[in-house]
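I would like to take you through selected helix contacts and a few individual residues in the structure now being shown.

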Amino acid sequence: MAEPKDVYTIEDLRNWKEVTADLDIPPRLSVFGDPVQHSKSPQLHNPGLEAAGLGCQYVRIHVLEGELEEALSLLKENDFVGTNVTIPHKQAIFEAVDDITDVARRVGAVNTVAIDGDQFIGHNTDAPGLKKAIREEFSIDLSDLRVMVVGAGGGAGKAASVQCAMDHCERLVLVNRTVEKAEALAGELKDLMIDPDKLEGPAGRLLAIPWEEKAIERELENIDLIINATSVGMKRTDPEVIPSQLIEPHHLIYDMIYSPARTRLMADAEEAGAKAANGLSMLLWQGVLAFEFWFNRSAPVEAMRKGLISSF
Ligand code: NAP
């Protein structure tokens, strides 16, 4: 049985029938990116496709910035079901799709495209993937939590913040090194956080603060869940995301980083007696939700989880 290439190119896509003629299982899903070699999406999706008996497979395609529109139309010509898109296409894809879901519009980024007849539909599964991950890790819903998002100025932080606001969480504190970005996001989310059923407490339901110890300390008393959406913690030499002495046993800590599996923030949380989880569950659930968006059926979650875990 012929194995697919690790990475295909747009040139391959132009000659797709010939290039993939020796494969027993036809590729019908992909991830576009530059770089894309590192993507774990095939290891996540292929066990799911196999377990569901869908008779197709998922491949990586190296698509450069100017090649996005052509690559998409080639997918349509070659009977693809859809694709994921990653860096540098998450924003540019907006111009290339025919319609987008509300959550993708709010986040301002698309990571999943479904081909529906003649149409490309863009969706963002990072945001609802985070929601599922929090539910799974801590057995509680975002809507019942007072949340602090550190790194609200980045793509992952915006996805997390949008989901919290769409779920009308109890309280949302946006923290960012460049505070102006958090302030701008707070402005965008204001309409979602006005909820007549939730009383304004003295702490203010939506605010933006700088990534500074004093400002963070002031808010943490009224926070249940702290999400790290920065890349701080990927390197051993990185500074603290949250000063360790400020972490209390009642805090729930979700670190979106999954490599390393245990960051300094997680270690600090456990030391303080707080519960902590890494970003692997979000990575899993964004994939599960993409699968469900493409096939309109429930995904074999456990097969996907196993595939993802064994890819590390
Ligand atoms: P990004 O767009 O580059 O965002 C970076 C954010 O982190 C910005 O808010 C930035 O603040 C802040 N930041 C970066 N370096 C910092 C530093 N040294 N000190 C303080 N703040 C700093 O990155 P991203 O794509 O959103 O990803 C962020 C993290 O989430 C990465 O670790 C990524 O691997 C992870 N992630 C995980 C998943 C998952 O499924 N688990 C999904 C997506 C992303 P400024 O605005 O001030 O620059």
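**Helix packing and buried positions**

Let me begin with helix α3 (residues 41–51) and helix α13 (residues 301–310), which pack at an angle of about 145 degrees with their axes 7 Å apart. The axes here are lines fitted to C-alpha atoms, for helices over the stretch in contact, and angles run from 0 to 180 degrees between N-to-C directions. α3 and α13 cross in the right-handed sense; a crossing is right-handed if the near helix is turned clockwise from the far one by less than a right angle, and left-handed if anticlockwise. On the α3 side the contact is made by Gln43, Leu44, His45, Pro47, Gly48 and Ala51, and on the α13 side by Ala303, Met304, Gly307 and Leu308, where contact means heavy atoms within 4.5 Å. By class, the contact of α3 with α13 has 6 nonpolar, 4 polar and no charged residues. Ala, Val, Leu, Ile, Met, Phe, Trp, Tyr, Cys and Pro count as nonpolar, Asp, Glu, Lys and Arg as charged, and the others, Gly among them, as polar.

A word on provenance: this is a predicted model, in which local features need pLDDT of at least 70 and side-chain atom pairs count only at pLDDT 80 or more, while totals for chains, interfaces and linings use all residues. Residues are numbered from 1 along each chain as its sequence is written, and side-chain values use heavy atoms, with hydrogens and water left out. Helices (H or I, at least four residues) and strands (E, at least two) are DSSP runs, numbered from the N terminus.

The next pair is helix α7 (residues 126–138) and helix α12 (residues 280–295), whose axes come within 7 Å and cross at roughly 125 degrees. α7 and α12 are therefore oblique to each other; under 35 degrees counts as roughly parallel, over 145 as roughly antiparallel, 65 to 115 as roughly perpendicular and the rest as oblique. α7 passes α12 in a right-handed crossing. Among the contacting residues are Leu130 and Lys132 in α7, and Trp285 and Leu289 in α12. This contact of α7 with α12 comprises 6 nonpolar, 3 polar and 4 charged residues.

How do helix α8 (residues 155–166) and helix α9 (residues 179–193) cross? Their axes come within 9 Å, at roughly 20 degrees, and that makes α8 roughly parallel to α9. The crossing of α8 past α9 is right-handed. Lys158, Ser161, Val162, Ala165 and Met166 in α8 meet Leu185, Glu188, Leu189, Leu192 and Met193 in α9. The contact of α8 with α9 divides into 7 nonpolar, 1 polar and 2 charged residues.

Just after α4, Asp79 takes a positive phi of about 60 degrees.

Finally, Ser30 lies in strand β2 (residues 27–33) and counts as buried at 0% relative accessibility. Not counting residues up to four places away in sequence, Ser30 touches several residues, including Leu75 and Phe80.

Definitions and conventions. Buried means under 20% relative accessible area, exposed over 50%, partly exposed in between (1.4 Å probe, protein chains only).
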